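I opened my notebook beside the model and wrote down what I looked up, in the order I got to it. Follow along in the viewer if you like.

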Amino acid sequence: MDINMTLIGQTIAMIVFVWFCMKFIWPPILNALEERQQQIEEGLAAADKSQEKLVEAQAQADEIVNEARQQATGILDQAHARANEIVADGKDAGVKERERQLSAAKAEIEQEANKAREELRGQVSAIAIASAEKILKREIDGKAHDDILGKLAQEL
Amino acid sequence: MAAEGGHGELTSSSYIQHHLQNLQVCRDETGEWVWNTCAGNPIAINVDSMFWSVFLGLVFCTLFWRVAKKSSTGKPTKFQAFVEIIVEFVDSSVKDTFHGKSRLIAPLGLTIFVWVFLMNLMDLIPVDWIPMAAGAAGIPYMKVVPSTDVNITFGMSIAVFFLIIFYTIKNKGITGFIGELTLHPIAPSFKGPAVIAAPLIIAFNFILESVALLAKPVSLSLRLFGNMFAGELIFILIALLGIWQLPLHFGWAVFHVLIVTLQAFIFMMLTIVYLSLASESH
């Protein structure tokens, strides 16, 4: 257990190792540690932020979807109303058209009937004149009684 | 449990003595360098202690340097993570105790902690393995645990001692250092008739404070040396027990793991405490 030169040797060795550690070991390791700490901190903050943003975006998306749904419902309602309107319009138009055609047909029929009646009247008067002629030919001159016959034909 | 290279027949005491003998080289009276006849010679070097101490220091430097070179802020490798755990442990210990700013204290603590730990760890290698291998290679003595050599522990604590003085003078000035040695614990009075007592008080203070100052490195080194030497001695005694040494050796080794770590930690912690005391005024 003698004290000898080993003591000085160990002191020198220690100075060298501590110097080496101070110069080449401690700073890079500690720098890396601190930088990583900072990175992790930033990463966590970023994660929190993006989480918040995600929630926000989700809410926004929900809102948009809701709005769209409401719009869709509105459009559907409008379309229904429009369809009903169109159908009603169509019905009205149909009724009017029918009435129009009906009245047109009635008018035509009446016209035809009038025409036929006129014609008939002419023919009846012609027949009447002819028959009267035949009768009168025997008794009177047709020319003398023409005006009477014409009046008669008009009255028919 | 045979001891190679011993002289004479093998007895328990010669076995123990052989295990406690350093491999020494020294300069004798004629100026010749001689091996192993150095008892009482101050110009001697314990080659085995020195070798293992420097070897383990190099192991520490190499391992940590490789990590330091490649250390990145990204995902660390497993070994890098392990090294970082130790570095962070030392760093937090230093930050808890030492409040000043110093580029030296933390690396000093790390070096002391890992180096002393590795030196102590050599104690867990079965006591005969390396000495027997060395004996087979023709080396008569081989003490493999540097921290069981009082020269090694004193060598480190003296470095710490000089650092204590350096930090005291650096932070408090040379007058502060002298004042710390002479004006505590009893403050001398320089006014009135009490001035006559001042030199006495100063002398008294100086004796007390220099003992306190010198006790720091002495206790630091003797604590480590005593623990490791006792542990080593018990390992050697256990090795004498024949087959019963196996369970006993295991039990003591398990217990010794605690001592190994604890003593390394205490050496580091006390160094930090002493240096923080040196740089803070109270």
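Before reading off any order of elements, I noted that helices are DSSP runs of H or I with at least four residues, strands are runs of E with at least two, and both are numbered from the N terminus. I also kept in mind that this is a predicted model.

**Entry: the fold of chain B**

With that settled, I read chain B from its N terminus and got α-β-β-β-α-α-α-α-α-α-α. The tally for chain B is eight helices and three strands.

I then looked at the extent of chain B: its C-alpha trace spans about 75 × 60 × 40 Å along the principal axes. Of the 282 residues in chain B, 45% are buried. Chain B exposes about 14200 Å², and 72% of that comes from carbon and sulfur atoms.

I was curious about contacts within chain B too. Taking those between residues at least 6 apart in sequence, I found that 67% join residues at least 24 apart.

**Entry: one serine in chain B**

Next I picked S210(B), which sits in helix 7, residues 198–239 of chain B. Is S210(B) buried or exposed? Its relative accessibility is 16%, and the cut-off for buried is under 20%, so S210(B) counts as buried.

I also checked what the side chain of S210(B) has beside it. One of its polar atoms lies 3.4 Å from the backbone oxygen of I207(B).

**Entry: where chain A meets chain B**

How many residues of each chain are in contact across the interface? I noted 30 residues of chain A and 58 residues of chain B. The area buried between chain A and chain B is about 3600 Å², with carbon and sulfur atoms giving 72% of it. In chain A, the residues that lose the most area to chain B are Q10(A), F17(A) and W26(A), which together account for 20% of what that side buries.

**Entry: charges and polar pairs across the interface**

I looked for salt bridges between chain A and chain B and counted one. In a salt bridge, the side chain of R36(A) meets that of E84(B), at 2.8 Å from N to O. For polar contacts, the rule finds ten residue pairs across the interface of chain A and chain B, both residues being at pLDDT 80 or more.

Last, I sorted the residues on the side of chain A that touches chain B: 19 are nonpolar, seven polar and four charged.

Terms used. Residues numbered from 1 in each chain as written. Chains lettered and ligands numbered in written order. Predicted model: local features only at pLDDT ≥ 70, side-chain atom pairs only at ≥ 80, totals over all residues. Heavy atoms only, no water. Contact = heavy atoms within 4.5 Å. Buried area = accessible area lost by both parts, 1.4 Å probe. Salt bridge = Lys/Arg side-chain N within 4 Å of Asp/Glu carboxyl O. Polar contact = N/O pair within 3.5 Å; in protein donor to acceptor, adjacent residues only side chain to side chain. Nonpolar A, V, L, I, M, F, W, Y, C, P; charged D, E, K, R; others polar. Buried < 20%, exposed > 50% of the residue type's maximum accessible area, 1.4 Å probe, protein only. Areas by Shrake-Rupley, 256 points an atom, 1.4 Å probe, with all protein chains shown as cover.
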